[in-house]
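Open the model in your viewer and keep the selection tool at hand. The tour goes stop by stop, with a note on what is there.

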Amino acid sequence: MTHFLALETSCDETAAAVFTDDLAVKSSVVASQTDLHARFGGVVPEIASRAHLRNLLPVIDEAVRKSDITLADIGCVAVHNTPGLVGALLVGVTAAKALAVALGVPLVAVNHVAGHIFACRMAAGRDIFPCVGLVVSGGHTALFRCDTALSLTLLGGTRDDAAGEAFDKVAAILGLGFPGGPAVEREAAAGDPKAFAFPRAFASDQRLEFSFSGLKTAVLYACHGQDVRQATPPPPGKKRADLAASFQEAVVDALAVKCRQALEQTGLTRLAVGGGVSANKRLRAKLQAVCDHAGAELFIPPMSLCTDNAVMAALAVEKWRLGQFAPPDLDAEPNFL
Ligand code: KG4
Ligand code: ZN
């Protein structure tokens with residue numbers, strides 16, 4: 001049996017996991033930087049890189065300790081090298097390369113977006129491919145045709161903001177703090193999702209694309225009017241809850257419509273959803289309804305596997321089986337290729 005050590009440092013979570021080539025997870029450790037970025041209302045790339053530098057070795061130590069093996073038992077090192085913040089990715093990539101050389105084992109590079117889909121495979125405990133994959137995070141909102149874990153074809157993505165980014169920005173407009181997704185979801189629980197008629201971009205055509213920038217502006221204007229120079233967040237109360245609920249409903253509707261169309265257009269009968277926004281309960285309920293109606297099976301991992309972690313890098317096992325190892329000069333690639 002081969003043990004894998006996987007590292008994730010693409011954004012603001014420092015994570016390490018140990019798993020085996022039969023996909024049994026031995027340990028998973030995630031150190032969140034949320035507190036460091038909260039007062040800036042978003043992830044500050046330089047702060048993220050420095051925090052990864054501080055946190056990575058203790059996180060690796062803890063992951064190895066909890067797995068009941070030693071570093072010497074690791075047979076392969078895996079790392080997310082794309083996409084993400086380049087400085088943040090570099091910390092994980094550099095550590096992974098050094099570990100692979102020091103241990104004399106192969107290195108496997110994993111795409112973080114494909115990893116979010118693979119998290120569904122890890123949670124399901126069985127094969128989920130072929131499927132339609134939806135990745136909804138702070139950095140990405142895209143639909144894929146996933147013929148296998150490693151062959152993803154982009155069906156369409158966002159033209160501007162990612163859905164999670166829109167949640168974070170609307171949370172700032174509403175004075176709800178960072179990270180915005182969970183805060184907006186909590187506020188929305190007391191609001192009326194029909195109070196404001198916010199736009200659902202591309203809902204009436206067949207393009208598998210998203211746009212959340214206009215929606216964000218619509219929330220801003222509904223909140224403050226069009227003169228936003230003196231804008232201060234609205235006080236807690238009915239209007240704020242209604243804005244949160246109506247915004248959340250618009251995002252969820254836009255995502256659900258495109259998932260329904262992607263299932264129809266591809267003829268596939270499985271939908272796998274990953275990324276931080278898939279923690280949203282309203283989204284989960286709507287996607288379940290879409291799948292029930294389409295006779296499709298829905299895969300969404302538990303909360304701990306929705307947001308960034310290193311277990312999702314178990315996609316490395318598939319590449320390792322195929323001998324797809326990374327070169328010793330592996331680089332961090334910030335853009336999704
Ligand atoms: O996948 P992730 O942990 O990091 C990235 O790769 O971006 O996703 C983080 C994003 C943030 O924008 C956060 O606001 C959003 O996921 N998020 C949520 C919820 N929990 C996290 N959005 C909506 N509802 C939630 N419950
Ligand atoms: Zn992510």
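A residue counts as exposed when its relative accessible area is over 50%, and as buried when that area is under 20%, with partly exposed in between. Keep in mind that this is a predicted model.

**Stop 1: helix 2**

Select Arg-50. Its relative accessibility is 51%, so Arg-50 counts as exposed. At 45%, Glu-46 is partly exposed. The two form a salt bridge, with the closest N and O atoms 2.8 Å apart. Both residues sit in helix 2 (residues 45-66), four residues apart, or about one turn of the helix. The structure holds 17 salt bridges.

**Stop 2: helix 5**

Select Lys-169 and Glu-165. Their side chains meet in a salt bridge, at 3.0 Å from N to O. Helix 5 (residues 163-173) carries both, four residues apart, again about one turn of the helix. Lys-169 is partly exposed at 34%. Glu-165 is also partly exposed, at 25%.

**Stop 3: helix 6 and helix 8**

Next, pick Arg-240 and Glu-187. Their closest N and O atoms are 3.3 Å apart, in a salt bridge. This pair links distant parts of the chain: Arg-240 belongs to helix 8 (residues 238-266) and Glu-187 to helix 6 (residues 180-188), 53 residues apart. Are these two partners buried or exposed? Arg-240 is buried, with a relative accessible area of 10%. Glu-187 is buried too, at 16%. Then select Arg-200, Glu-249, Asp-253, Arg-282 and Lys-286; salt bridges with shared partners join them into one network.

**Stop 4: an aromatic cluster**

Show the rings of Phe-4, Phe-19 and Trp-320. Ring pairs link these residues into a cluster. The count for the structure is six aromatic pairs. Start with Phe-4 and Phe-19. Their ring centres lie 5.6 Å apart and their planes are at 20 degrees, so the pair is stacked. Phe-4 is in strand 1 (residues 3-8) and Phe-19 in strand 2 (residues 13-20), so the pair ties together parts 15 residues apart in sequence. Phe-4 is buried, with a relative accessible area of 0%. Phe-19 is buried as well, at 0%.

Turn to Phe-4 and Trp-320. Here the centres are 5.3 Å apart and the planes at 80 degrees, so the pair is edge-to-face. Trp-320 lies in helix 11 (residues 316-321) and Phe-4 in strand 1, so this pair ties together parts 316 residues apart in sequence.

**Stop 5: the two domains**

Colour by domain. The domain assignment gives domain 1 (3-116 + 306-321) and domain 2 (128-304). Their C-alpha centres lie 27 Å apart. How much area do domain 1 and domain 2 bury between them? The figure is about 1,300 Å², with 74% of it on carbon and sulfur atoms. Select Val-113, His-116 and Cys-306: they supply 47% of the area that domain 1 buries against domain 2, more than any other three residues.

In contact here are 17 residues of domain 1 and 19 residues of domain 2. Six residue pairs are in polar contact between the domains. On the domain 1 side, helix 1 (34-38), helix 4 (112-124) and helix 11 each supply at least two residues that touch domain 2.

**Stop 6: Phe-129**

Finish at Phe-129, in the loop between helix 4 and strand 6 (131-136). Phe-129 is buried, at 10% relative accessible area. Beyond its neighbours within four places in sequence, its contacts include Ile-117, Phe-118, Cys-146 and Arg-270. Phe-129 and Arg-270 are 141 residues apart along the chain, with their C-alpha atoms separated by 7.8 Å.

Note on methods: Residues numbered from 1 in each chain as written. Chains lettered and ligands numbered in written order. Predicted model: local features only at pLDDT ≥ 70, side-chain atom pairs only at ≥ 80, totals over all residues. Heavy atoms only, no water. Phe/Tyr/Trp six-rings, centres within 6.5 Å; stacked < 30°, edge-to-face > 60°. Buried < 20%, exposed > 50% of the residue type's maximum accessible area, 1.4 Å probe, protein only. Domains from an automatic or database assignment. Contact = heavy atoms within 4.5 Å. Buried area = accessible area lost by both parts, 1.4 Å probe. Polar contact = N/O pair within 3.5 Å; in protein donor to acceptor, adjacent residues only side chain to side chain. Salt bridge = Lys/Arg side-chain N within 4 Å of Asp/Glu carboxyl O.
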